[in-house]
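The following dialogue takes up several features of a protein model, one after another.

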Amino acid sequence: MSPSAVAPLTVVVGDEELLVDRAVAEIVAAARADDPDIDVHDLLPAQVTSARLVEATSPSLFGERRIVVLRSAHDLLKDIATEVTGYLKDGPEDVMLVLVHAGGAKGKALLDAAVKAGAARVSCAKPTKAPERIQFIKGEFSRAGRQIAPDAAQALLDAVGNDLREIAAACTQLAADTDGRIDTAAVARYHTGKAEATGFTVADRAVEGRLPEALEQLRWSLSVGTAPVLINSALAAAVRGLAVAAQPPRGMPEAELAKRAKVPPWKLRTLRQQARGWTPQGLAHAMQVVAETDALIKGAGRDPAYALERAVIEIATARNARGG
């Protein structure tokens with residue numbers, strides 16, 4: 001954001017705290033870049049009294065510029081909100097006002113008044129879908145001048161979870177402590193505590209027929225202590241999901257299909273892509289392989305690592321053998 005982009009009136013709208021905090025920080029930084037001596041008033045609803053509002057927004061006797069940030073404007077008391085609405089119509093030129101609003105029905109009259117007064121709008125909606133969080137991860141690395149592979153971004157999301165602050169912190173750590181393009185191995189090194197994430201990476205590569213990568217991920221997962229039973233569980237889940245996606249019952253709603261595949265609805269698209277190279281015979285063989293491997297890992301065999309390696313080879317080969 002350049003200094004010229006700082007509007008006299010701005011509304012920051014959204015319920016994702018990290019994005020809201022960043023948006024406000026960028027506005028303040030841009031204002032300070034234009035005027036290092038600008039006076040900043042960053043106020044929570046409990047701090048905003050009529051007297052404090054007048055003090056913060058009245059014209060300065062000494063010509064100082066000010067930026068006033070009203071956090072959680074939707075929580076302002078009714079009489080204070082009315083005063084702010086009045087200010088929108090006739091605010092001094094040397095004061096910039098930033099209203100932070102969650103975007104819901106509460107306090108909407110103030111938000112509508114600000115928009116009607118010509119406020120610049122910055123949207124900070126919470127990413128609610130996995131593709132949106134993946135895009136956020138890619139954006140984090142782009143901000144740091146780095147790139148992350150698509151499968152590594154998914155692995156990071158699987159490992160860290162959906163909290164945006166935790167995702168951002170993980171991205172910052174990876175960007176600071178690694179070189180080059182971020183891959184799944186780099187993600188695994190920093191998130192070995194999430195054993196199921198590395199298991200799912202092995203499974204994804206195997207059912208996609210990417211044997212060298214699947215074996216590499218398998219060996220890495222075992223080397224960092226991922227339990228063999230978790231890896232085979234991920235393989236089994238991937239194969240079951242493929243079976244559902246490859247031959248869905250006609251007319252079944254997406255939500256029911258996702259429930260049957262035991263995946264969130266957004267992952268159906270991934271499953272459909274992965275299922276393209278599979279035949280019914282290949283899927284039947286893969287299901288048999290994971291069942292045998294489960295028995296070997298749980299006591300019927302002496303070497304769980306070897307059993308898993310064989311399973312990965314069999315599954316990837318079954319996918320690539322299009323004739324079944």
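A: A definition comes first: buried means under 20% relative accessible area, exposed means over 50%, and partly exposed lies in between. The model discussed here is predicted. With these cut-offs, R165 at 38% relative accessibility counts as partly exposed, and D21 at 33% is also partly exposed.

Q: How many salt bridges does the structure hold?

A: Side chains of opposite charge can pair when their charged atoms come close. The structure holds 16 salt bridges. One of them joins D21 and R165, whose closest N and O atoms are 2.7 Å apart. D21 belongs to helix α1 (residues 17–34) and R165 to helix α7 (residues 164–177), so this pair ties together parts that are 144 residues apart in sequence.

Q: Which residue forms a salt bridge with R22?

A: The partner of R22 is E140, with 2.6 Å between the closest N and O atoms. Helix α1 contains R22 and helix α5 (residues 130–143) contains E140, so the pair links parts that are 118 residues apart in sequence.

Q: Is E140 buried or exposed?

A: E140 has a relative accessible area of 9%; because this is under 20%, E140 is buried. E140 also meets R143 in a salt bridge, at 3.8 Å from N to O. Both residues lie in helix α5, 3 residues apart, which is about one turn of the helix. Elsewhere, salt bridges that share partners join D151, R205, E208, R210 and E213 into one network.

Q: At what angle do α1 and α7 pack?

A: Two packed helices are described by the angle between their axes and the distance between the axes. For α1 and α7, the angle is about 65° and the axes are 8 Å apart. On the α1 side, E17, L18, L19, D21 and R22 take part, and they meet L164, R165 and A168 of α7. By class, this contact has 4 nonpolar, no polar and 4 charged residues.

Q: Which residues have the most contacts inside the largest nonpolar core?

A: A nonpolar core is built from buried residues whose side chains are joined to one another. The largest one here has 41 residues, and those with the most contacts inside it are V12, I67, I137, F141, L156 and I167. At least two residues of this core come from each of α1, β3 (66–70), β4 (95–101), α5, α6 (150–160), α7 and α8 (184–190). Helix α1 gives the most, with 9 residues. Taking I167 as an example, and leaving aside its neighbours within four places in sequence, its contacts are F136, I137, L157, V160, G161 and N162. A second, separate core has 34 residues, including A203, L215, L268 and V312.

Q: Where does V289 lie, and what does V289 touch?

A: V289 is placed in helix α14 (residues 280–300). Its relative accessible area is 2%, so V289 falls under the 20% cut-off and is buried. Not counting residues up to four places away in sequence, V289 touches A311, E314 and I315. The C-alpha atoms of V289 and I315 are separated by 7.4 Å, while the two residues are 26 residues apart along the chain.

Conventions. Residues are numbered from 1 along each chain as its sequence is written. This is a predicted model: local features need pLDDT of at least 70, side-chain atom pairs count only at pLDDT 80 or more; totals for chains, interfaces and linings use all residues. Side-chain values use heavy atoms; hydrogens and water are left out. A salt bridge is a side-chain nitrogen of Lys or Arg within 4 Å of a carboxyl oxygen of Asp or Glu. Helices (H or I, at least four residues) and strands (E, at least two) are DSSP runs, numbered from the N terminus. Buried means under 20% relative accessible area, exposed over 50%, partly exposed in between (1.4 Å probe, protein chains only). Contact means heavy atoms within 4.5 Å. Axes are lines fitted to C-alpha atoms, for helices over the stretch in contact, and angles run from 0 to 180 degrees between N-to-C directions. Ala, Val, Leu, Ile, Met, Phe, Trp, Tyr, Cys and Pro count as nonpolar, Asp, Glu, Lys and Arg as charged, and the others, Gly among them, as polar. A nonpolar core is a set of buried Ala, Val, Leu, Ile, Met, Phe, Trp, Tyr and Cys residues joined through side-chain atoms within 4.5 Å.
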